[in-house]
Amino acid sequence: MPLKLTAEEIALAAARAASDKRGSGIVVLDLRQISVITDYFVIVDAGTEVQVRAIAEGIQEALVERGVTTLRREGWEDARWVLLDYGDVVVHVFRTEEREYYDLERLWGDAPRLVLDEEETGLVLEERRDGRP
């Protein structure tokens, strides 16, 4: 029986899968200290609806291979903002214009921002220009 992945491991796997599918601007927001909704948001964007679907599909496939089931998927038809709900992790795959418009990073600005390290083996705290963690 496979081991249950932690929320951080799910977020990392989703971020890696998004990177493998050439997603842009991949960031993970650590919401554990500021929200009861979920532990992590994974946010990524792509230029076209086809790319949004390919990234979302790649994330789902990568997580299924690790024994993680998608609880809910929204936005697939329009593919401007696809939301994949894994309980403790929610993945947002945006078309670039929608990401800029909804600006979840600003809305959740108090959340620590994590990014893939150079080897894509882990998540590291992103250096912010404003000096905040």
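User: Let's start with Phe94: is it buried or exposed?

Analyst: Buried means under 20% relative accessible area, exposed means over 50%, and partly exposed is in between (1.4 Å probe, protein chains only). Phe94 has 1% relative accessibility, so it counts as buried. Trp81, at 27%, counts as partly exposed. Before we go on: this is a predicted model, where local features need pLDDT of at least 70, side-chain atom pairs count only at pLDDT 80 or more, and totals for chains, interfaces and linings use all residues. Residues are numbered from 1 along each chain as its sequence is written, and side-chain values use heavy atoms, with hydrogens and water left out.

User: How many aromatic pairs turn up in the whole structure?

Analyst: Rings of Phe, Tyr and Trp (its six-membered ring) pair if their centres lie within 6.5 Å; planes under 30 degrees apart are stacked, over 60 edge-to-face, the rest tilted. The search finds 4. One of them is Phe41 with Trp108, edge-to-face at 5.6 Å centre to centre and 85° between the planes.

User: Which parts does the pair of Phe41 and Trp108 tie together?

Analyst: Helices (H or I, at least four residues) and strands (E, at least two) are DSSP runs, numbered from the N terminus. Phe41 sits in strand E2 (residues 40-46) and Trp108 in the loop between helix H4 (104-107) and strand E6 (113-116), so the pair joins parts 67 residues apart in sequence. Phe41 is buried at 7%, and Trp108 is buried too, at 18%.

User: What about the rings of Trp81 and Phe94?

Analyst: Their centres are 4.6 Å apart with planes at 35°, so that pair is tilted. Trp81 is in strand E4 (residues 81-85) and Phe94 in strand E5 (residues 89-95), 13 residues apart. Ring pairs also bring Tyr101 and Tyr102 into a cluster with Trp81 and Phe94.

User: And how do E4 and E5 run?

Analyst: Strands of a sheet pair through backbone hydrogen bonds, either parallel or antiparallel. Two strands count as paired if DSSP finds at least two bridges between them. Here 5 bridges join E4 to E5, and they run antiparallel. Trp81 stands opposite Phe94 in E5.

User: What order do the strands take in the open sheet?

Analyst: Its 7 strands go E3-E4-E5-E2-E1-E6-E7, with mixed pairing. Strand E3 (72-74) and strand E7 (123-125) are the edge strands, each pairing on one side only.
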